[in-house]
Amino acid sequence: MSITAEKRAKAPHKVRQIGARTRAQRKEAIALVIPALLPIIIFSVIPLVSGVAIGFTDATLKRNAEISFNGVENYIDLAGNQRFWGSFGIGLVWSASVALLTLVCAMCLALLLNSNLRLKGLTRVLALIPWAMPPVVIAIVWRMIYNPNSGPLNGMLSWFGIPGVNWLGDFSTALPAVIVVGVWSGIPQTTVLLLAGMQAISAEQHEAAAVDGAGVFRRFWHVTLPALRPVIFAVTSLDFIWQFNSFGLIYVLTEGGPGGQTMIPPLFTYLEAFRNREIGAASAMGNVLVVAILIILSLYLINQFRQNKGVRA
Amino acid sequence: MTARRPWYATVLMYAALAFFLAFLGFPLVWLVSASFKSSQELNSLAVNLIPAQWDFSNYASALERQNLIPAAMNSLLVAVATMIITVLLSMPMAYALARLQGRLRAAGTIWILTSQVFPSILIIIPLFLLLRSISLNDTLLGLILVYVTFTMPFTLWMLQGYVAAIPVELEEAAEMDGANRITILRRVVLPLLAPGLVATAMFTFVSAWNEFFLALVLLQSPELYTLPIALRSFLGAEGQTQLGPLAAGAVLATIPSLIIFGILQKKLTGGMLAGAVKG
């Protein structure tokens, strides 16, 4: 729960209304909002709308010829574009794996940090490292770690006489290798959120369960997990969407290679727009991604709505 | 958790903790150690966390190389400008969002949520065309304007949380004393908001400092490259990359955000929580 929600719950009648009470107050509200609203409209809302529109044109960066609407032509082309749908599939595997594995790892880590172990302070600080590192640096470090000829991963394998692997260059290992990096960099946020959720669970609940004879695992299953369900659901679905939209990490790690094995849709779209310079077709791909995300989002909102109803009933 | 644990559970938990410590910490440790290694050692399969010979020349050659110092200056300029402009623009609207009821607040909240989930690749194409048509593509000013817009959803959300935590009674009391809105904002709200503003500003700085994708699309001239773009251009074909200077440059690029995250870690938790869970 955020500070906001708590405050509102406590004193809903005390929230000041700058709303549409009087003309003066309305003017005041507009004056407060305008400075932020202008850049938002110019650099976010208008591009978003025109981005959708460009998806229905034949625009390119190659020529200065007139741009014309070509209806659904881009989408007909896209329907037959197997490389795009391939990247779509890879993107789903990538974001689902990263979101779920991050959740599992973060849950373990949050449980450890929430228990009475030593070294917690150190772990807490270390757990934030991936969060603080610039994505480009993360990609550079992991490229070094995965390097077949000088990376520590193959170095460690050689201790056991296991032959090295070209982790990012091999068809079968490239996608799992980037997924590991995605999980590594996603752990801090999810851990912090789960930990905050855990600390909101009252100690009495655990004690009551313990008195009833519930062991560590049963208490996790019957007390912690149900209480965390809304957090888990929100964090994982948002993480899924963020990963589906991610770009920098994979771009620097593999540029989508080898042979398109790690080509996720945003990367594919980027190459179409700024290397092939087909911005009409690329925007159409962007639109397809938006529709996919809206579907995911509506599932999330429906679930959210159901939960709220459940709480009230 | 207060209940007793069986001994094997404790052992298991420490093993898990050790695993996470190694998994999460290793890349940074490896990077720092690589930045002090000789190229000979870097090109071998030896797994040494402590360099056999400390080689400080990587840092010197990273700084001499290409455009790393100008790139760092570009990043600094862009991040500071983004930070200042974003906070100045967000502050009034965050105040309105926190104290407002009804349609405008709902619209603002929906927009903040939507902007978190839309793929930036869709927005960057028209944005690129827009900036080109007003001759701001391939300029740092254009990049700053885009960063301001892209960081605003989060800063608005963080800041409105901080505003909401300020008791309305204080403002009402000032109003009774005859203060007008501007005075209330300056004398009552602003001082109480200061810690929140600092946290938000630092977060905005790090976001702009670390950002990669938008800079990659919007900047074409090497002399305008920000640090992430310059580092990425270090990576040539795998064989030609000089790993030592690359690692040194990567360490230097990480230091500012590592420091800020160290300072911020507690405050971020609250902001993140509001941003991600409340939605």
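The following questions and answers explain some terms applied to this predicted model.

Residues are numbered from 1 along each chain as its sequence is written, and chains are lettered from A in the order in which they are written. Local features need pLDDT of at least 70, side-chain atom pairs count only at pLDDT 80 or more, and side-chain values use heavy atoms, without hydrogens and water.

Q: Which class does Trp54(B) belong to, and why?
A: Trp54(B) counts as exposed because its relative accessibility is 52%, and exposed means over 50%.

Q: What makes Phe36(B) and Trp54(B) an aromatic pair, and of which kind?
A: A search of the whole structure finds 30 aromatic pairs over all chains. In the pair of Phe36(B) and Trp54(B), the distance is 5.3 Å centre to centre, with 55° between the planes. Rings of Phe, Tyr and Trp (its six-membered ring) pair if their centres lie within 6.5 Å; planes under 30 degrees apart count as stacked, over 60 as edge-to-face and the rest as tilted. The pair is therefore tilted.

Q: How do you know that the charged end of Lys37(B) sits over the ring of Trp30(B)?
A: The charged end of Lys37(B) is 3.9 Å from the ring centre of Trp30(B). The term requires NZ of Lys or CZ of Arg within 6 Å of the ring centre and within 35 degrees of the ring normal.

Q: Why does Leu252(B) count as partly exposed?
A: Leu252(B) has 31% relative accessibility, so it counts as partly exposed, between the limits for buried and exposed.

Technical notes:
Buried < 20%, exposed > 50% of the residue type's maximum accessible area, 1.4 Å probe, protein only.
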